[in-house]
Amino acid sequence: MKTSTSTRPPAEPVASNTAPTVTGRGICHSFGEGELKKQILFDVDVSIYPGEVVLLTGPSGSGKTTLLTLIAGLRDVQEGQLYVLGHELHGATRDELVDVRRKIGFIFQAHNLLPFLSVRQNVELVFELHPNVSVDEATERADKILQLVGLGDRLDYMPDKISGGQKQRVAVARALVAGPQLILADEPTAALDGKSGRAVVDLLQSLAREQGCPVLMVTHDSRVLDVADRVIHMEDGRIVEPAQ
Amino acid sequence: MPARAPLAWLQLSHGRVKLIVAVAGVVVAVLLMLMQLGFMQAAFQSALIVPRQIDADLVVISPQTQAMFRTAQFPHVLLYRMPSVPGVDSVRAIYLATMPWHNPWTRGEQSIFVYGIEPGDPPLRLPGLAESWPEIRRTDAVIYDSKSKPIFGPVAKAFNRGENVEVEVNRRRVRVVGLAQAGNSFGIDGNLFTSDLNFFRMFPNRNKSGADLGLVHVKPGVDPKSVQPELQKLVGAEAVVLTHDEFLAFEHNYWARSSPVGFVFTLGTVVGFCIGFVIVYQILYTDVSNHLSQYATMKAMGFTDSYLVRLVLKEAVILAALGYWPGVLLAWGLYEVARNATALPLDMTWQRVLGVFTATLVMCLISGAVAVRRLRAAQPADVF
């Protein structure tokens with residue numbers, strides 16, 4: 001197996017009979033055409049189970065981000081099988097991909113909050129994708145999740161009036177508010193100081209545990225390795241045994 | 001509890017300067033369109049004021065006549081045969097010419113439009129004309145159009161003060177014996193009404209056998225249209241017999257099609273539309289460009305392209321609504337100013353108000369539709 005080993009035992013042993021949230025088999029991916037064609041992923045197998053916090057590490061150019069965008073349904077799968085939340089993404093239509101993405105909570109390196117919306121409105125915005133949730137309920141859930149990330153006193157602040165760490169926490173709240181079934185995070189702590197970074201990953205970990213949804217996090221930040229149930233290490237487009 | 005955040009408005013109003021510039025662009029476009037269309041209609045209206053007031057069932061003109069202020073003459077004798085046609089009550093000729101008016105106050109010279117009218121009742125239903133109508137049978141007596149442009153001098157004021165107003169028209173001294181109200185137009189700055197005899201006294205070189213307009217009255221109860229073919233047969237190809245409505249359509253057609261008036265003002269309207277389009281497009285395009293990473297993030301989260309397209313189009317509609325009303329108010333004020341300065345009949349009509357609103361909406365929507373193409377640059381796969 002090329003997959004992974006645990007850095008520490010998961011809170012609950014990952015039962016092999018639990019259906020994985022993400023299953024990838026023999027995924028290959030290249031960019032460019034003809035002479036310029038460059039293969040980025042080589043025969044990658046990956047599985048992520050409910051409740052896990054999985055870190056994806058590796059030097060830049062190793063294919064982590066490409067793998068993440070494939071799982072996120074942001075790129076078409078070229079080769080191999082990739083099941084995410086019960087959908088086969090290889091050959092999926094645009095609408096199916098959008099459907100899958102709506103069940104995923106995204107946390108980006110750049111928080112990309114809308115500058116003209118308040119903290120609360122940025123989080124509420126997610127419910128535009130869930131019209132069955134009433135306006136009142138949306139506000140209630142947004143307020144609750146913002147309390148949880150410690151921004152209960154910043155609800156009506158505009159993004160340019162809060163600190164970088166607080167913005168990232170808003171982004172976390174935005175990712176979590178609609179109850180996603182998978183969280184994909186790309187360097188969520190890169191722009192944060194140690195303390196804020198720590199707070200964000202602890203938050204992710206505890207919320208993941210409570211809501212039972214797995215977290216796949218790309219990170220270079222060695223300070224947060226301890227939250228992981230597993231570390232997947234990539235080099236040159238392949239998954240390798242983690243350097244201990 | 002608050003309603004869903006009005007995203008389009010919040011985005012638009014986030015930058016005050018951006019919003020003001022965009023709205024100002026729409027205001028300018030609305031203003032230009034309204035002014036141009038207003039002037040165009042005023043030109044048509046003013047050109048039709050006198051023709052509308054002609055008291056005749058049928059009007060005879062030369063086939064070469066382009067419009068009332070640009071007539072050719074037809075043989076006067078054609079009119080002599082007309083009373084013999086059954087149903088015709090009376091026939092009368094009007095002679096028209098532009099003559100130099102010597103302004104006694106400034107010593108300047110200005111072209112004035114002169115009507116020489118054969119005896120009978122006043123052939124034009126203009127306010128004031130009937131009161132002093134018998135006076136023009138006197139030698140060198142004229143009725144002055146008090147709505148002529150001020151360049152002819154304070155004629156009406158002097159006349160109303162009881163002064164004896166004598167002026168030189170085409171080097172002949174004439175006396176103002178009354179005031180009527182006609183109105184100037186793009187073709188004519190002022191009007192004088194006098195008898196046919198005085199007309200030829202002022203313009204002795206003019207060929208007396210050619211008339212400019214023939215006014216035909218039919219007997220009561222007779223449909224002018226039933227007499228028209230008979231009269232047309234009588235005059236053959238040397239003149240054209242029109243009903244009063246046809247004559248008005250003929251005049252309007254000249255201003256709309258043959259004169260540069262229709263073209264120039266239509267072009268001005270289109271320019272206004274284009275200015276608005278370009279400004280709104282620029283603002284929306286920049287707005288989309290500045291938020292590309294946010295839009296890409298929203299797309300990654302599962303927002304569809306059509307959601308974002310609708311967002312941009314909503315911004316366009318908001319700009320249209322915000323810019324339209326100040327534009328209408330400003331135009332309304334400028335109509336007032338222009339009306340006082342030019343005496344043109346500038347009026348805000350409902351059709352124009354609604355038409356320009358539609359144009360503004362379309363203008364903004366096209367801007368938005370072109371600007372959303374920028375959304376394609378928002379690639380969700382690139383946000384990681």
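Helix H1 (residues 7-14) and helix H10 (residues 305-342) of chain B pack at an angle of about 65 degrees, with 8 Å between their axes. Helices here are DSSP runs of H or I with at least four residues, strands are runs of E with at least two, and both are numbered from the N terminus. The axes are lines fitted to C-alpha atoms, for helices over the stretch in contact, and the angles run from 0 to 180 degrees between N-to-C directions. H1(B) passes H10(B) in a right-handed crossing, meaning that the near helix is turned clockwise from the far one by less than a right angle. On the H1(B) side the meeting residues are B:Leu7, B:Ala8, B:Trp9, B:Gln11 and B:Leu12. Their partners in H10(B) include B:Tyr307, B:Leu311, B:Ile318 and B:Leu322; contact means heavy atoms within 4.5 Å.

All of this comes from a predicted model, in which local features need pLDDT of at least 70, side-chain atom pairs count only at pLDDT 80 or more, and totals for chains, interfaces and linings use all residues. Residues are numbered from 1 along each chain as its sequence is written, chains are lettered from A and ligands numbered from 1 in the order in which they are written, and side-chain values use heavy atoms, with hydrogens and water left out.

Chain B splits into domain 1 (7-46 + 260-382) and domain 2 (63-238), with bounds that come from an automatic or database domain assignment. Taken over C-alpha atoms, the centres of the two domains are 47 Å apart.

Next comes helix H7 of chain B, which takes in residues 244-258. H7(B) has 15 residues and reaches 20 Å from its first C-alpha to its last, close to the expected 21 Å, a span worked out as 1.5 Å times one less than the number of residues. Its buried residues are B:His244, B:Phe247, B:Leu248, B:Glu251, B:Tyr254 and B:Trp255. They sit on the same side of H7(B) because they cover an arc of only 115 degrees around the axis, the arc being that of the directions from the helix axis to the C-beta atoms. Buried means under 20% relative accessible area, exposed over 50%, and partly exposed in between (1.4 Å probe, protein chains only). On the other side of H7(B), B:Asp245, B:Arg257 and B:Ser258 are exposed. The buried residues pack against several elements of chain B, among them helix H2 (16-53), strand S10 (213-218) and helix H8 (260-290).

Over in chain A, helix H2 (residues 94-102) buries A:Leu97, A:Val98, A:Val100 and A:Arg101. Those residues share one side of H2(A), since their arc around the axis is only 160 degrees. Their cover includes strand S5 (79-84), strand S6 (87-88) and strand S7 (104-107) of chain A, together with helix H9 (292-301) of chain B.

A:Thr21 lies between strand S1 (5-6) and strand S2 (22-31) of chain A and is buried, with a relative accessible area of 9%. Beyond its neighbours within four places in sequence, A:Thr21 touches residues including A:Ile48, A:Tyr83 and A:Pro214.

Most residues other than glycine have a negative phi. A:Glu187, however, has a positive phi near 45 degrees, and at 10% relative accessibility A:Glu187 counts as buried. B:Arg171 also has a positive phi, near 70 degrees, but B:Arg171 is exposed, with a relative accessible area of 79%.
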